[in-house]
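Have the sequence and the 3D view open as you read.

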Amino acid sequence: RLTPAALRGGGFGRDMGFSPQLEGQVYNQPLYVPGLMVGGAAHDVLFVATEANAVFALDALTGATLWRTNLGTPTPRNAQSCGNIMPSIGVTSTPVIDLATRTLYVVSFNSDGGVRFRINALDLTTGMQRGGYPADISPPAVGGSSFDVRTTGQRGAIAFREGKVYVPFGGLYGDCGIYHGWVVAIDAANPMQQSAFATPGRGSGIWAPGGFAMDAQGNAYAATGNSTPLGGHTAGSLGEFVLKIGTGAAGPSFAMNDNTAFFSPENAVMLDRADLDIGSVSPVLLPPIGGARRLLQGGKDGRVFLLDADNLGGAGNGLFVMSLTTGGQFGALGAWSNGNEVYGFVPARGTRAMCGGSNGVMALRVTANNYSVAWCTGSISGANPPVVSSNGNTDAVLWVVGTGILRAYEVATGME
């Protein structure tokens with residue numbers, strides 16, 4: 001088993017024989033399915049999607065390609081009004097797997113037959129498209145908000161629940177044009193049937209790589225970025241909000257006048273005008289704390305808010321807030337529990353409160369009402385979102401990649 005003791009015992013390192021040949025850059029998280037029958041044999045399989053609109057199923061032990069599927073021609077960067085993914089855009093977000101039907105859902109950005117986002121449904125064992133797929137993502141207008149592929153980006157991880165695929169959208173690097181924050185629900189059995197929630201006004205995209213957090217009741221918690229134009233503030237646009245979005249039969253919905261369904265920092269207008277998005281990281285739902293449901297939300301200004309998932313509280317500072325980093329947080333937070341203690345993991349930029357140094361990851365020990373800094377990694381430049389592996393409630397290891405180096409830390413002690 002993968003344990004802290006086993007890692008310290010030596011013999012752990014990169015397998016130089018594992019070197020799969022991929023086409024295009026990888027911006028998303030690979031997905032893993034053990035013991036999958038492919039080609040008549042059982043394999044532990046990694047699924048990887050690239051900006052070349054290529055999806056690979058790889059043998060997790062050898063790196064051998066089990067199947068490869070092309071999702072069509074990716075879109076040149078100059079087909080959109082701004083952005084920073086070069087030279088073309090294909091699959092950017094993390095796909096999702098429905099194990100019950102052995103289907104991999106992937107959002108691609110295509111330029112063959114016109115520029116458009118598409119939802120793909122691939123058989124896990126063959127890579128073939130399911131019947132009725134691929135399908136264009138073209139949600140109906142919501143209020144005064146319409147969907148414009150020239151100014152819209154699909155960066156956040158997608159989700160699957162009760163027969164529907166949920167896809168978040170935001171703006172592009174540069175905040176060009178008019179865009180909105182979208183949650184599009186796609187009926188897996190009939191992908192042309194789509195419903196949506198969209199932020200009003202201008203901007204307020206849902207763009208963090210982690211997408212949204214979804215609870216057992218089907219609520220999607222999403223954080224928005226700044227309204228536009230840059231340097232301004234569009235009142236009523238839901239910029240700098242954490243939103244609790246319902247995902248019922250009628251489609252994604254948000255109760256605008258319900259303070260339990262949103263959170264916005266007390267200085268949200270200042271954050272909006274300064275482009276200090278709280279939506280630079282996705283919210284993370286924590287394991288239950290004595291029956292209480294809590295979530296953590298960071299942002300570009302370096303604060304981390306502890307919120308009540310059942311009553312987000314409206315405008316204010318949530319249950320607890322602390323300024324942890326001078327350069328903010330980006331990407332996604334992490335969480336883990338040993339059954340008694342609950343931890344949150346914060347990717348840090350800039351100098352760090354309570355533990356000195358800069359960058360890296362900060363481990364928080366969280367209660368129902370507050371949190372404290374338990375320990376910090378060393379200074380790690382360019383730390384990616386943290387990931388935890390464990391054997392149930394024991395043997396937890398925090399994994400962090402920074403500047404091409406993979407580091408492992410024992411969660412209980414912070415020891416590298």
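Predicted model: local features only at pLDDT ≥ 70, side-chain atom pairs only at ≥ 80, totals over all residues.

Residues are numbered from 1 along each chain as its sequence is written, and side-chain values use heavy atoms, with hydrogens and water left out.

**Around S145 and V149**

- S145 sits in the loop between β10 (135-136) and β11 (159-161), and V149 is found in the loop between β10 and β11 as well. (Strands are DSSP runs of E, at least two residues, and helices are runs of H or I, at least four residues, numbered from the N terminus.)
- S145 is buried, with a relative accessible area of 2%; buried means under 20%, exposed over 50% and partly exposed in between, using a 1.4 Å probe and protein chains only.
- Leaving out residues up to four places away in sequence, S145 touches H180, W182, A198, T199 and P200, where contact means heavy atoms within 4.5 Å.
- V149 counts as buried too, at 18% relative accessibility.
- With residues up to four places away in sequence not counted, V149 touches Q80, F109, V115, R116 and F117.
- V149 and V115 are 34 residues apart in sequence, yet 7.4 Å apart in space, C-alpha to C-alpha.

**The sheet that includes β10**

- The order in this open sheet of four strands is β7-β8-β9-β10, with antiparallel pairing; two strands pair if DSSP finds at least two bridges between them.
- β7 (96-98) and β10 stand at the edges with a single partner strand each, so one side of each has no neighbour in the sheet.
- Three bridges link β7 to β8 (residues 103-110) in the antiparallel sense, and D98 has T103 in β8 as its bridge partner.

**The sheet from β27 to β30**

- Here four strands make an open antiparallel sheet in the order β27-β28-β29-β30.
- Because β27 (334-337) and β30 (371-376) are edge strands with a single partner each, one side of each is left without a neighbour in the sheet.
- β29 (residues 361-366) and β30 run antiparallel and are joined by five bridges.
- V366 has Y371 in β30 as its bridge partner, and A363 stands opposite W375 in β30.
- Four residues lie between β29 and β30, which form a hairpin.

**The second largest pocket**

- The volume of the second largest pocket is about 320 Å³, meaning the space filled by probe spheres set on grid points joined across faces, edges and corners.
- On a 1 Å grid over the protein atoms alone, a pocket is an open set of points where a 1.4 Å probe fits, with protein on both sides within 12 Å along at least five of seven lines; lining residues have an atom within 4 Å of a point.
- Of its 18 lining residues, F12, W399, L406, R407 and A408 are the closest to the centre.
- α1 (4-8), β32 (394-402) and β33 (405-410) each supply at least two lining residues, and β33 gives the most, with six.
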